[in-house]
Amino acid sequence: MISRQPRLETIAALMVDGDAHDARLLQQMLRGFSLASVSVAVTGAQALAELREGHFGLCIIEADLPDMTVTSLVRRIRALEPPQRAIPVLVLTGHASLKGIAAARDAGAHLVLRKPLSPR
């Protein structure tokens with residue numbers, strides 16, 4: 001049987017997080033899963049520039065960004081040219097209200113995860 005699961009060592013991830021400490025922890029966690037590379041953007045604008053220039057297989061966004069809302073960033077990602085617009089987007093939040101989860105999902109996020117995270 002052929003596995004259809006992507007091999008993590010072939011995936012480059014883009015993390016968007018303005019908190020250096022949180023970004024470093026998540027970056028280490030992702031490297032532990034053997035991702036090919038993990039780039040970090042501090043702002044939504046920087047993330048959009050990185051996505052236009054690079055080839056990422058995953059985008060992980062902290063919900064509390066300094067320059068735009070997470071829903072705005074996700075909508076702008078979905079408006080990019082293919083293949084970037086189809087990138088899986090995960091949103092991390094410490095405030096997992098149903099309204100916030102629905103807004104992120106409706107903007108085009110694949111998954112909303114509540115922090116704190118663990119490798120499990």
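**Around the second largest pocket**

Visitor: Which elements each supply at least two residues of the lining of the second largest pocket?
Guide: Keep in mind that this is a predicted model. For the lining of the second largest pocket, three elements of the chain each give at least two residues: α3 (70–78), β4 (89–93) and α4 (98–107).

Visitor: And where does the largest share of that lining of the second largest pocket come from?
Guide: The biggest contribution to this lining is three residues.

Visitor: Which residues are the closest to the centre of the second largest pocket?
Guide: The pocket holds about 220 Å³ of space. It has 17 lining residues, and the closest to its centre are Ala 63, Asp 64, Val 70, Thr 93 and His 95.

Visitor: Zooming out, what pattern does the chain follow along the sequence?
Guide: There are four helices and five strands in the chain. Reading along the sequence, you get β-α-β-α-β-α-β-α-β.

Visitor: Why is the chain said to be as compact as a globular protein of that length?
Guide: For 120 residues, the globule rule gives 14 Å. The chain is as compact as a globular protein of that length because its radius of gyration is close to that, at 14 Å.

Visitor: What percentage of the residues of the chain count as buried?
Guide: Buried here means under 20% relative accessible area. Of the 120 residues, the share that passes is 37%.

Notes
Residues numbered from 1 in each chain as written. Predicted model: local features only at pLDDT ≥ 70, side-chain atom pairs only at ≥ 80, totals over all residues. Heavy atoms only, no water. 1 Å grid on protein atoms, 1.4 Å probe; cavity = no way out; pocket = protein on both sides within 12 Å on 5 of 7 lines; lining within 4 Å. Points joined across faces, edges and corners; volume = space filled by probe spheres on them. Rg over C-alpha atoms; globule rule 2.2 N^0.38 Å. Buried < 20%, exposed > 50% of the residue type's maximum accessible area, 1.4 Å probe, protein only.
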